[in-house]
Amino acid sequence: MTQDTAMGFAIDSDPTRWGVSATSVLPAPARDFLAREVGIATGRPQPQWDELVAPASRLDGDALAGLRAIVGAEHLLVDDGARLRHGGGLSYLDIVARRQGAIVPPDAVALPGSSAEVVRLLAWCEANGVAAVTFGGGTSVVGGLRTGGIDRPVLAVATTRLDEILDIDEESRLVRVGAGMTGPRLERLLSPRGLTLGHYPQSWHRANLGGYAATRSAGQSSTGYGRSDAMIEGVRVVTPRGEIEVGKVAASAAGPDLRGVFLGSEGVFGIITEVLVRVRARPASSSYTGIIFPDYESGLTALRGLVQGRVAPDVVRLSDPQETAVTLAMSGPSGRSADVLEKYLGLRKVSEPCLAILGWDGTRATIGARRLEAQPALRAAGAVSLGSKVGRAWAHGRFDGPFLRDLLIDEGYLVETLETAAHWSKVPALRHAVQAALRGSLADGGPGPYVMCHVSHVYETSASLYFTVIARQTDDTADQWRQAKTAAMDAIVASGGTITHHHAVGRDHAPWLADEIGDLGMDVLRAVKSTLDPAWVLNPGALLSEVAPPATP
């Protein structure tokens with residue numbers, strides 16, 4: 001087990017879980033909520049992780065000797081524990097497969113220490129008919145690392161050792177790092193220089209910068225700081241046809257921007273080994289506050305006014321009534337603040353209040369000025385401040401969701417998330433359509449499922465929606481979730497949303513990719529794949545559903 005004392009949790013070596021937090025049992029308010037809104041579930045026995053046995057590797061002694069010659073014996077892992085830990089990501093389906101002892105692991109795990117070793121690994125894989133799946137932080141929630149459907153031996157290429165700062169240009173505020181650099185490690189290294197990347201996805205403590213690039217991730221401060229693809233100046237990528245470095249300078253008109261080929265490519269076109277990121281001055285202060293809107297539509301109007309008026313905070317999160325009810329029950333205001341809120345809701349006859357969290361970074365002076373600029377839009381929407389205590393509570397627990405999911409799964413609940421984005425004019429209908437699809441597909445005759453949603457990022461033309469669903473597990477809970485996810489994805493496509501705002505495509509979203517980019521768009525992606533990886537060595541089945549090159553007519 002590895003400990004991150006700065007975050008107050010431990011990452012467990014048992015990958016049937018996200019990790020181990022200070023809370024090992026569900027708090028009483030959570031149990032009351034579950035019994036009332038979802039129904040009482042029955043916990044299911046779980047196998048002991050150290051008792052699971054991986055299938056025999058399909059790589060023989062000669063093959064393993066060839067791999068050891070490239071990365072060194074100590075950096076080629078073939079034991080059951082290492083292989084099982086590198087089989088799949090952290091989606092509900094992956095977690096369930098591990099807990100049922102049904103995960104399909106790679107046949108070996110290589111940990112290269114340089115781009116040159118990655119070049120040799122891919123050449124070896126191509127020559128020996130072996131697939132290569134890049135494994136970064138292992139946090140994919142869309143099946144991006146699932147190897148069960150691959151029709152040949154699989155080598156997991158873990159970027160763990162590529163975790164150093166390679167160059168810092170402080171004048172230009174550019175930092176080149178190895179793809180295995182994690183968010184917490186980068187922030188610790190940048191802090192003495194007064195710099196920050198400012199990218200905080202919920203997977204922050206596990207995910208690495210190669211994964212940020214490969215999935216076009218978004219962070220909790222991305223409204224202010226930008227998504228990861230807005231922070232990346234360039235990448236170095238190893239493909240079976242050779243190395244390529246893209247992104248000379250941001251202000252270039254030298255043809256199409258080839259960064260777009262590799263950002264979001266999920267290890268299908270090449271393995272990202274280096275990332276050049278734009279950093280900024282570390283803020284002197286941060287301020288978070290809780291806001292209550294009288295209804296969801298008022299909250300949407302206020303957020304749209306903030307971002308279109310160019311006065312949006314760095315963190316913007318608007319919970320719908322269902323998520324607000326859970327949040328206030330678990331960590332809402334108490335004492336005088338609670339009395340004020342209750343009186344306000346009564347006077348306004350508000351039956352479905354909506355909680356927003358707003359956060360600003362900067363100096364105290366700039367934060368104060370920015371907050372004043374936001375006031376007209378907030379007042380016009382009928383917002384009432386809950387003060388900084390609620391905001392600080394959110395900031396303190398901003399990375400806790402996955403740990404709570406572990407506990408809920410232990411208790412026999414299905415817990416999963418999905419996300420999308422759409423133009424402002426389509427957001428209300430999109431939310432209703434997805435909620436209806438999830439409720440209809442997961443109904444079990446009890447009070448559940450419970451479906452909640454929040455706006456997680458806002459843009460001048462659009463906003464993202466992030467859904468969380470809790471239901472009682474059935475005997476075949478993997479199929480239970482597949483059917484629900486299919487219903488939700490169909491609703492997203494029919495309602496004009498994107499199939500993914502920041503989780504990427506993986507294998508789970510691949511069947512709907514053509515609905516978003518069209519048949520010609522799919523042909524373009526296949527052409528890029530066939531040019532850079534003609535033997536389809538790299539992560540077959542992710543992004544593009546095919547696990548082998550399409551037959552030539």
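Me: Which residue does Leu318 stand opposite in strand 19?

Reply: Leu318 stands opposite Val455. Helices (H or I, at least four residues) and strands (E, at least two) are DSSP runs, numbered from the N terminus. This is a predicted model, where local features need pLDDT of at least 70, side-chain atom pairs count only at pLDDT 80 or more, and totals for chains, interfaces and linings use all residues. Residues are numbered from 1 along each chain as its sequence is written, and side-chain values use heavy atoms, with hydrogens and water left out.

Me: How many bridges between strand 15 and strand 19?

Reply: Strand 15 (residues 315-319) and strand 19 (residues 450-458) are paired antiparallel over 2 bridges. Two strands pair if DSSP finds at least two bridges between them.

Me: In what order do the 7 strands of the open sheet come?

Reply: The order is 17-14-16-15-19-20-18, with antiparallel pairing. Strand 17 (384-387) and strand 18 are at the edges with a single partner strand each, so one side of each has no neighbour in the sheet.

Me: Ok, strand 18. Is Thr420 buried or exposed?

Reply: Thr420, which lies in strand 18, is buried, at 0% relative accessible area. Buried means under 20%, exposed over 50%, and partly exposed in between (1.4 Å probe, protein chains only).

Me: What does the side chain of Thr420 reach?

Reply: The backbone oxygen of Thr498, at 2.5 Å. Leaving aside neighbours within four places in sequence, the residues in contact with Thr420 (heavy atoms within 4.5 Å) include Leu430, Phe467, Ile492 and His501.

Me: Which residues of helix 18 are buried?

Reply: Among them are Trp481, Ala484, Lys485, Ala488 and Ile492. The buried residues fall within an arc of 160° seen down the axis, so they line one face of helix 18. The arc is that of the directions from the helix axis to the C-beta atoms. On the other side, Gln483 and Ala494 are exposed.

Me: What covers the buried residues of helix 18?

Reply: The cover includes helix 4 (92-99), strand 18 (413-423), helix 17 (427-442) and strand 20 (462-472).

Me: And which residues are buried in helix 1?

Reply: Ala30, Phe33 and Leu34, in helix 1 (residues 28-37). On the other side of helix 1, Ala28 and Arg36 are exposed.

Note on methods:
A polar contact is a pair of N or O atoms within 3.5 Å; within protein, one must be able to donate a hydrogen and the other to accept it, and residues adjacent in sequence count only if both atoms are side-chain atoms.
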